[in-house]
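Hi,

Here is the structure I promised to pass on. Have a look at it first, and then read my notes below.

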Amino acid sequence: MDVSGARQGVTEARRIVVKVGSSSLTTAAGGLDADRVDALVDVLAKVRSGGEREIVLVSSGAIAAGLAPLGLHRRPKDLARQQAAASVGQGLLVARYTASFARYGVRVGQVLLTSNDTSRRAHYRNACRTLDQLLDMGAFPIVNENDTVATDEIRFGDNDRLAALVAHLVRADLLVLLSDVDGLYDGDPSIPGASRVAEVAGPEDLAGVVIGSAGKAGVGTGGMVTKVEAARIATAAGVPVVLTSASRAADALAGRDTGTYFHRTGRRSADRHLWLAHASTPQGSLTIDDGAVRALVERHGSLLPAGIVAVEGEFNAGDPVELRDAEGRPVARGLVNFDAKEIPQLLGRSTRDLARELGPAYEREIVHRDDLVVLHR
């Protein structure tokens with residue numbers, strides 16, 4: 001392959017996560033478009049055919065594929081009917097992929113995830129092990145959110161964010177986001193004069209860029225907002241991103257100048273930290289004083305009872321909570337070691353005094369620094 005002038009972060013990638021949106025696989029009325037699925041599979045099968053590159057596909061389309069068979073004319077808003085559509089559509093989606101990849105003698109493996117699978121260590125390790133084993137055995141992993149059982153509280157919300165987390169989960173070298181738009185534009189791409197943003201090296205390159213929210217087909221949940229957010233998550237974790245249309249997937253994977261290339265902005269972080277920052281849903285909040293803020297942000301310390309001013313919400317030990325400063329601004333997010341009902345009696349007190357009065361179980365942090373991530377300030 002001629003890589004002169006190609007994007008180095010793409011051509012050097014050996015393990016790649018590719019995400020494709022519903023609008024690239026289905027019709028606006030619902031139902032899978034076999035030609036579109038086959039066209040995507042043709043590209044992916046060719047890229048991995050030499051054995052030097054591995055691909056994990058994060059595919060939307062389960063709910064959209066189930067609309068027409070159930071007589072639904074548009075994506076339902078209520079969770080129960082979304083789950084029903086996913087139940088019908090997921091089987092159709094994986095069957096279509098299975099048949100399409102069979103043309104190349106490739107077997108597929110389906111992996112359905114909820115955010116619990118990235119938050120609970122045992123689930124996380126199992127998902128990681130399954131994906132690694134599928135790749136080692138030459139199968140093609142296809143990941144989707146488990147829409148049939150996911151509730152509002154445990155959903156990723158969109159498969160763009162799921163793809164960013166999967167890229168971190170499998171230690172990918174590259175994330176490619178495919179949709180019905182051929183890249184990020186500095187304005188509405190349907191209006192003359194809008195220009196494609198070829199590269200994004202950091203947040204400053206997005207200044208003045210108007211980011212739209214809705215896809216053209218209307219069958220998915222994402223939009224350009226979710227894609228840019230997914231790119232931010234992935235690049236902050238050390239994974240470069242290409243955003244382009246499904247019709248240009250071959251060019252994107254070859255490193256050609258198509259779509260928008262987001263350069264990595266950070267290094268790989270601990271898996272739990274990535275989840276806490278981007279996939280967890282806080283079940284409550286703790287207001288902390290200025291001294292505690294400095295301890296968390298500047299000294300990367302744990303949160304002790306002495307630094308807590310107030311507690312809100314109903315949560316149990318092990319749940320994610322938001323840590324806020326005196327003005328109510330989010331400072332950090334972490335996994336709390338006590339139930340909400342226990343914390344009021346601990347406010348402002350030292351762990352030594354608490355241990356003397358309540359027992360040794362109370363001589364510990366409210367949130368340990370290993371289970372805490374500082375948010376942007």
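**What I found**

Let's start with Ser 60, which lies in the loop between strand E2 (54–59) and helix H3 (62–67). Helices (H or I, at least four residues) and strands (E, at least two) are DSSP runs, numbered from the N terminus. Before going on, a word on the source: this is a predicted model, where local features need pLDDT of at least 70 and side-chain atom pairs count only at pLDDT 80 or more, while totals for chains, interfaces and linings use all residues. Residues are numbered from 1 along each chain as its sequence is written, and side-chain values use heavy atoms, with hydrogens and water left out.

Is Ser 60 buried or exposed? Ser 60 counts as buried because its relative accessibility is 9%; buried means under 20% relative accessible area, exposed over 50%, and partly exposed in between (1.4 Å probe, protein chains only). Its side chain makes a polar contact with the side chain of Asn 159, at 2.9 Å. A polar contact is a pair of N or O atoms within 3.5 Å; within protein, one must be able to donate a hydrogen and the other to accept it, and residues adjacent in sequence count only if both atoms are side-chain atoms. If you skip neighbours within four places in sequence, the residues in contact with Ser 60 (heavy atoms within 4.5 Å) include Lys 19, Leu 25, Leu 93 and Asn 144.

Now for the aromatic rings. Rings of Phe, Tyr and Trp (its six-membered ring) pair if their centres lie within 6.5 Å; planes under 30 degrees apart count as stacked, over 60 as edge-to-face and the rest as tilted. That rule gives two aromatic pairs. One of them is Phe 338 with Tyr 362, a stacked pair with 5.6 Å from centre to centre and 20° between the planes. The two residues are 24 apart and link distant parts of the chain: Phe 338 is in the loop between strand E12 (330–335) and helix H12 (351–358), and Tyr 362 is in the loop between H12 and strand E13 (372–374). Phe 338 is buried, at 2% relative accessibility, and Tyr 362 is buried too, with a relative accessible area of 17%. There's also a charge here: the charged end of Arg 364 sits over the ring of Phe 338, 4.4 Å from its centre. (For that, NZ of Lys or CZ of Arg must be within 6 Å of the ring centre and within 35 degrees of the ring normal.)

Next, have a look at strand E11 (residues 320–324), where four of the five residues are buried. E11 pairs with strand E9 (residues 284–288) in the parallel sense over three bridges; two strands pair if DSSP finds at least two bridges between them. In that pairing, Thr 287 stands opposite Arg 324. E11 also pairs with E12, in the antiparallel sense over five bridges, and there Val 321 is opposite Gly 334. E11 and E12 make a hairpin with five residues between them, and Gly 328 in the turn has a positive phi of about 85°.

To finish, the whole chain: it has twelve helices and 13 strands, and 51% of its 377 residues count as buried.

Cheers
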